[in-house]
Amino acid sequence: MRVSFAGLTIDIEHPSPYTRDYCAAYLAPQGVSADFSVSVTPEEILREGEVTPETPLGYLETLALYRKICERALAYDTFLFHGSALTLDGEGVLFTAPSGTGKSTHASLWRQVFGERVTMVNDDKPLLAVKENGVTVSGTPWDGKHRLSTPVTAPLRAICFLRRRETNSIRPLSPRDALPALLRQSYRPQDPALVEKTLSLLTRLLTLVPCYLLSCNMDAEAARVACDGIFPRDPQT
């Protein structure tokens, strides 16, 4: 099976029917050659967790495969980041925070407030590609429990770190303050060389993409406050 996302084309060797269905929206077009291939062993699959009705063997296979893909993708200046990504009028915004803070809920507020101007890129594990002229965010099949993603790639305009508060506000974060949080939300391989590569990409990302601290509740106003901070409006319009 050959899949494409984040500018990469990947052969997945011997996928189960579960994995074929899981990746169906990301099948590569005919005639596109693969950048690399991945496969997993039964032992690698079982390292991802216990087989249960909620986490069947096929799902664990997808996790093991994505781990391999993300490690190979680092050679292409592309890495996995844990967050909820969307576009507004074609420009990407990534919301990140510890699990349970409300990333997906906040992204849903943007869809509620801004309607068709918003496209959901990936609700859980997008890929970020750090290029000379900017950073892009891409949808992947690994898109969270609600399976919200689109096979698109967009320029990344901003990264927002969420924290729950009663009132809504947004302020810029310095690269020095943002780096520890970025590290916590990035996939970190066990190989020290790959860890070093990830750190290098994050350092470059911070020179290209502004980061913000978004204090927010779960009211629709939170989306408007965040949007105004990231996309300041011309006072003449």
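User: What is a salt bridge here?
Analyst: A salt bridge is a side-chain nitrogen of Lys or Arg within 4 Å of a carboxyl oxygen of Asp or Glu. This is a predicted model, where local features need pLDDT of at least 70, side-chain atom pairs count only at pLDDT 80 or more, and totals for chains, interfaces and linings use all residues. Residues are numbered from 1 along each chain as its sequence is written, and side-chain values use heavy atoms, with hydrogens and water left out.

User: How many salt bridges by this rule?
Analyst: Nine.

User: What does lysine 197 pair with?
Analyst: Lysine 197 bridges to aspartate 77, with the closest N and O atoms 2.6 Å apart. The partners sit 120 residues apart: lysine 197 in helix α6 (residues 192-208), aspartate 77 in the loop between α3 (57-73) and β4 (78-80). Helices (H or I, at least four residues) and strands (E, at least two) are DSSP runs, numbered from the N terminus.

User: Which residues are linked in a network of salt bridges?
Analyst: Asp77, Lys197 and Arg204.

User: New topic. Is aspartate 143 buried or exposed?
Analyst: Aspartate 143 is buried, at 3% relative accessibility. Buried means under 20% relative accessible area, exposed over 50%, partly exposed in between (1.4 Å probe, protein chains only).

User: Which residue forms a salt bridge with aspartate 143?
Analyst: Arginine 147, with the closest N and O atoms 2.4 Å apart. Arginine 147 is partly exposed, with a relative accessible area of 37%.

User: And glutamate 91, what is its salt-bridge partner?
Analyst: Arginine 157, with the closest N and O atoms 3.2 Å apart. Glutamate 91 lies in strand β6 (residues 91-96) and arginine 157 in strand β10 (residues 153-164), so the pair ties together parts 66 residues apart in sequence.
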